[in-house]
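Please keep the sequence and the model in view while reading.

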Amino acid sequence: MASSIVNVPFQAMKGVDCHYVGLKPSTSSKFSCVKTAIRVRSPRLFVVRASEKHDGPIKKLGLSDAECEAAVVAGNVPEAPPVPPKPAAPAGTPVVPSYPLSRRPRRNRKSPVLRAAFQETQISPANFVYPLFIHEGEEDTPIGAMPGCYRLGWRHGLVEEVAKARDVGVNSVVLFPKVPDALKSPIGDESYNDNGLVPRAIRLLKDKYPDLVIYTDVALDPYNSDGHDGIVREDGVIMNDETTYQLCKQAVSQARSGADVVSPSDMMDGRVGAIREALDAEGFQHVSIMSYTAKFASSFYGPFREALDSNPRFGDKKTYQMNPANYREALVETHEDESEGADILLVKPGLPYLDIIRLLRDNSSLPIAAYQVSGEYSMIKAGGVLKMIDEEKVMMESLMCLRRAGADIILTYFALQAARCLCGEKR
Ligand code: PBG
């Protein structure tokens with residue numbers, strides 16, 4: 001069953017239930033509107049009609065305007081359908097005087113056409129960024145905790161997945177590498193190897209799809225033998241400025257390969273300004289920074305860490321990621337990232353943190369991104385598999401709610417599935 005949350009209905013009065021209206025990219029890469037309609041129950045169920053006489057076009061008599069007017073003035077009023085009868089209520093319905101309400105908000109919700117007219121938030125495949133896991137292998141390996149997601153082989157599976165996404169209007173991806181253990185080290189130096197997995201994948205994708213927008217993750221955790229986002233000192237402290245120094249090299253290496261947007265997700269202090277300076281010094285003024293401004297130390301990242309085998313070897317990430325109990329602190333981070341030159345501010349996770357998305361939306365003029373993280377994805381998938389919820393409807397509703405809260409773009413593992421829904425494709 002399709003989601004109707006984003007739909008613009010059409011011909012609703014003719015017994016046609018429109019399930020999808022979306023944007024479908026045509027070969028010219030422009031979008032055209034697609035409608036798929038499914039005949040459902042008899043319109044009788046919904047519409048009370050007073051007369052059937054006027055089915056089909058009414059025959060013209062060849063009269064002029066003046067003759068038509070004269071006929072009406074003379075009292076020969078042509079027939080039109082009678083006022084429709086009042087629909088009957090079921091037997092036993094109490095007969096009550098209507099309440100003298102000055103406002104009945106349901107009036108604006110009474111038909112699909114009105115609901116579509118007054119819908120305040122829209123969503124389109126253009127709002128999605130598709131996170132993709134890549135590895136060195138040739139085959140795609142399913143990720144146990146994320147049904148439907150794979151570690152994609154960078155030369156085959158990755159390219160095919162991007163082609164599928166572009167087919168339905170998703171032309172932005174963010175790459176997450178599964179790095180061989182043997183290449184991990186305490187200082188994560190593989191993260192700025194120009195011939196590493198991510199730079200190679202970027203060059204391949206840009207070669208095939210020059211207009212694809214590639215976001216990268218800037219953080220040491222996939223490359224760090226300690227599994228932390230930063231360099232770990234012997235007493236367990238995550239070193240800030242030394243880590244930032246490495247992140248700058250990582251961002252420059254990604255930019256050199258053709259990344260469009262580098263996205264520091266590590267929550268070190270001052271890294272946005274440092275990365276901006278490093279990019280500019282190397283001639284990458286055109287490369288954007290999407291800062292993970294408010295990234296919380298969340299248990300919703302569990303499936304992701306399984307996907308990349310990137311669990312911290314000890315402890316947790318609470319000395320750099322934010323406390324889930326905090327709200328005002330997100331403003332401190334927002335002001336820092338803005339003044340350091342971030343182009344996009346990101347909130348992560350998504351659905352449990354809608355208030356933070358709204359906070360950033362109301363306090364910054366920059367575009368806001370929301371990351372619907374692995375745990376959010378897996379919960380919806382699991383609920384769907386167990387038939388406890390309607391996966392597709394919950395998926396579309398959660399994405400719409402992230403938009404309503406103030407997100408311009410959404411990083412979501414549902415990007416392809418949701419875009420197919422919006423395009424009216426069922427697979
Ligand atoms: C690490 C990173 C994480 C995610 C994106 N980048 C995990 C973490 O902070 O441990 C999580 C994404 C997800 O759960 O979907 N830099």
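## Terms and model

Helices (H or I, at least four residues) and strands (E, at least two) are DSSP runs, numbered from the N terminus. The model described here is predicted.

## Backbone features in two loops

Pro349 is found in the loop between β12 (344-348) and α9 (354-363). The peptide bond that joins Lys348 and Pro349 is cis, with omega at about -5°.

Met267 is not a glycine, yet its phi is positive, at about 65°. As background, most residues other than glycine have a negative phi, and most peptide bonds are trans.

## The ligand and its surroundings

There are 17 residues around the ligand, and those that come nearest are Arg305, Lys317, Lys348, Ser374 and Tyr413. Sorted by class, this shell has seven nonpolar, three polar and seven charged residues.

An N or O atom in the side chain of Ser265 is 2.8 Å from a nitrogen atom of the ligand. Lys348, which also takes part in the cis peptide bond with Pro349, has a polar side-chain atom 3.3 Å from a nitrogen atom of the ligand. On its own the ligand has 400 Å² of accessible area, and the protein covers 100% of that area. The site of the ligand is the largest cavity.

## Salt bridges

Side chains of opposite charge can pair when their charged atoms come close. Across the whole structure, a search finds 18 salt bridges.

How values were computed
Residues are numbered from 1 along each chain as its sequence is written. This is a predicted model: local features need pLDDT of at least 70, side-chain atom pairs count only at pLDDT 80 or more; totals for chains, interfaces and linings use all residues. Side-chain values use heavy atoms; hydrogens and water are left out. A residue is near a molecule or strand if one of its heavy atoms lies within 4 Å of it. A polar contact is a pair of N or O atoms within 3.5 Å; within protein, one must be able to donate a hydrogen and the other to accept it, and residues adjacent in sequence count only if both atoms are side-chain atoms. Accessible areas come from the Shrake-Rupley method with a 1.4 Å probe; for residues, only the protein chains shown count as cover. On a 1 Å grid over the protein atoms alone, a cavity is a set of points where a 1.4 Å probe fits but cannot get out, and a pocket is an open set with protein on both sides within 12 Å along at least five of seven lines; lining residues have an atom within 4 Å of a point. A molecule sits in a cavity or pocket if more than half of its atoms lie within 2 Å of its grid points. Ala, Val, Leu, Ile, Met, Phe, Trp, Tyr, Cys and Pro count as nonpolar, Asp, Glu, Lys and Arg as charged, and the others, Gly among them, as polar. A salt bridge is a side-chain nitrogen of Lys or Arg within 4 Å of a carboxyl oxygen of Asp or Glu.
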